[in-house]
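Come along and look things up with me.

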Amino acid sequence: MTTISPRKILLIEDNLAEARLLQEFIKLTKSQKFSLCHVQRLGEGINKLDNEKYDIILLDLTLPDSEGLSSIPKLIEKDPSISIIVLTNTNDEELAIEAVREGAQDYLVKRHVNPDELVRSCRYAIERKQCLEKLRVVNQTLETQIEKKTTELLKSQEINKLKSEFVTMLSHDIRNPLNTILLAAGLLQKYDEELTNDGRINHLQLIRKAIKNVSNLLDEASLIGKSDSGKLSYKPHILDLEKLCAELVEQAQLFAQEKCLNLIFTSSEHCFEFLGDETILKHIISNLLNNAIKYSIPGGTVLFELIKQEKDIILKFQDQGIGITEKDQKQLFQPFHRGENVGIIPGTGLGLTIVKQCVQDHGGDITVNSQIGVGSTFTVTLPIIT
């Protein structure tokens with residue numbers, strides 16, 4: 001047979017005679033078991049709540065150390081689940097309503113209290129509090145669900161907006177290099193015999209550069225699509241990172257030479273094995289390397305450093321280019337954001353967004369340090385996984 005634990009009552013009453021009377025009423029009850037603890041001050045009652053759990057508080061509003069109804073929030077703050085019944089000497093309906101508004105469950109006039117009414121009030125107060133607590137939990141659950149659905153809806157709307165902006169921008173940005181290709185090819189075809197060798201080389205270089213721009217745009221579009229569909233997965237394998245970096249630097253040398261830049265690559269170690277995703281690493285390195293060249297001032301130096309530490313590898317890309325304002329640095333990795341000082345330098349504003357996603361997929365971090373007219377340094381930190 002299950003034993004029902006008695007309901008614990010905390011009586012906060014400074015009048016000893018009235019306290020004894022209420023204690024006698026509790027003893028006379030047979031339909032419900034109660035245990036009662038009596039204190040004479042609000043401070044004592046609050047201290048009791050620090051150490052013990054009570055079901056009900058019988059609270060006198062005229063305690064020497066309280067300020068009437070303001071006592072109720074103090075007790076609720078200590079234990080939000082507790083039921084409070086206010087005891088007063090006056091039958092004041094407005095006071096009763098205010099007490100309930102402050103968080104009390106019931107209101108009793110001392111001179112009208114009898115054992116049955118006291119027990120009934122205690123039982124109903126507990127039931128009301130339990131109902132309110134259930135309602136609070138339901139409301140909190142609903143609020144959480146609504147907030148989650150709202151966030152998902154806003155995210156979906158933002159994604160659709162970004163897709164629309166990307167398609168528009170991609171269409172615009174691809175049209176420019178395609179027009180260059182058509183124009184240069186047309187001139188070669190029409191004036192081939194009249195052009196000098198240098199003239200032909202110049203037109204071919206324009207075509208090659210335009211094709212590279214289209215290729216970069218399509219690469220970004222591909223990565224955006226893979227990231228959105230969850231196909232941009234991290235698939236690590238053992239590779240020679242120093243060799244991979246050297247190959248990518250070699251590929252970027254022609255671009256650097258066109259801008260009369262000195263491209264330097266250094267590595268703290270040679271031929272060291274690294275567990276990583278080659279596709280993701282190639283995109284990180286190529287994008288940051290090309291950015292350093294693209295935003296550099298002709299005649300300057302681009303320094304790419306590969307540094308192996310005990311637990312991490314550092315990829316550092318330093319240029320002597322146009323630099324980035326402090327304001328732009330805060331939004332640099334946001335989709336479609338481009339620095340206010342980039343001028344006519346081409347770009348979609350998606351490259352660094354994709355790079356950051358790739359770095360995060362690799363478990364790493366990327367930071368930027370830049371000064372207008374001095375240059376920028378992008379630092380990628382990737383963990384060494386053993």
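Below are my entries, in the order I made them.

**Entry 1: the whole protein**

I began by noting that this is a predicted model. I looked up the overall tally and found 10 helices and 12 strands. The protein has 386 residues, and buried ones make up 39% of them. For the surface I got an accessible area of about 22600 Å², with 52% of it belonging to carbon and sulfur atoms. I also checked how far along the chain contacts reach. Among contacts with a separation of 6 or more, 69% join residues 24 or more positions apart.

**Entry 2: a parallel sheet**

In which order do the strands of the parallel sheet run? I read the order as β2-β1-β3-β4-β5, an open sheet of 5 strands. β2 (34–39) and β5 (106–109) each have a single partner strand, so one side of each is left without a neighbour in the sheet. On average, neighbouring strands here are turned by 20° against each other, direction ignored.

β3 (residues 56–60) and β4 (residues 83–88) pair in the parallel sense, and I noted 5 bridges for them. I57 has I84 in β4 as its bridge partner.

Next I asked what lies across these strands. Helix α1 (residues 16–28) lies across β1 (7–12), β2 and β4. Its direction is at about 170° to β2.

β10 (residues 312–318) and β12 (residues 375–383) pair in the antiparallel sense over 7 bridges. There I saw F317 opposite F378 in β12.

**Entry 3: the hairpin at one edge**

I stayed with β11 for a while. β11 and β12 form a hairpin with 3 residues between them. In the turn, G373 has a positive phi of about 80°. The two strands pair in the antiparallel sense over 7 bridges, and V380 in β12 is the bridge partner of I366.

Which residues of β11 are on its covered face? I listed I366, V368 and S370 there, while D365, T367, N369 and Q371 are on the uncovered one. I wrote a reminder beside that list: in a regular strand the side chains alternate between the two faces of the sheet.

The axes of α7 and α8 (residues 278–294) come within 10 Å and cross at roughly 35°. I noted the crossing as right-handed.

What kinds of residues make up the contact of α7 with α8? I got 12 nonpolar, 2 polar and 3 charged. On the α7 side they include L241, L248 and F255, and on the α8 side L281, I285 and K294 are among them.

**Entry 4: three single residues**

Leaving out residues up to four places away in sequence, A256 touches L261, L263 and I293. I also checked A256 against P298: they are 42 residues apart along the chain, yet their C-alpha atoms are separated by 9.0 Å.

S267 is in strand β7. S267 also counts as buried, at 19% relative accessibility.

My last stop was C260, in the loop between α7 (241–258) and β7 (262–267). C260 is exposed, with a relative accessible area of 55%. Its phi is near 55°, a positive value in a residue other than glycine.

Terms used. Residues are numbered from 1 along each chain as its sequence is written. This is a predicted model: local features need pLDDT of at least 70, side-chain atom pairs count only at pLDDT 80 or more; totals for chains, interfaces and linings use all residues. Side-chain values use heavy atoms; hydrogens and water are left out. Two strands pair if DSSP finds at least two bridges between them. Helices (H or I, at least four residues) and strands (E, at least two) are DSSP runs, numbered from the N terminus. Axes are lines fitted to C-alpha atoms, for helices over the stretch in contact, and angles run from 0 to 180 degrees between N-to-C directions. Contact means heavy atoms within 4.5 Å. Buried means under 20% relative accessible area, exposed over 50%, partly exposed in between (1.4 Å probe, protein chains only). Accessible areas come from the Shrake-Rupley method with a 1.4 Å probe; for residues, only the protein chains shown count as cover. A crossing is left-handed if the near helix is turned anticlockwise from the far one by less than a right angle, and right-handed if clockwise. Ala, Val, Leu, Ile, Met, Phe, Trp, Tyr, Cys and Pro count as nonpolar, Asp, Glu, Lys and Arg as charged, and the others, Gly among them, as polar.
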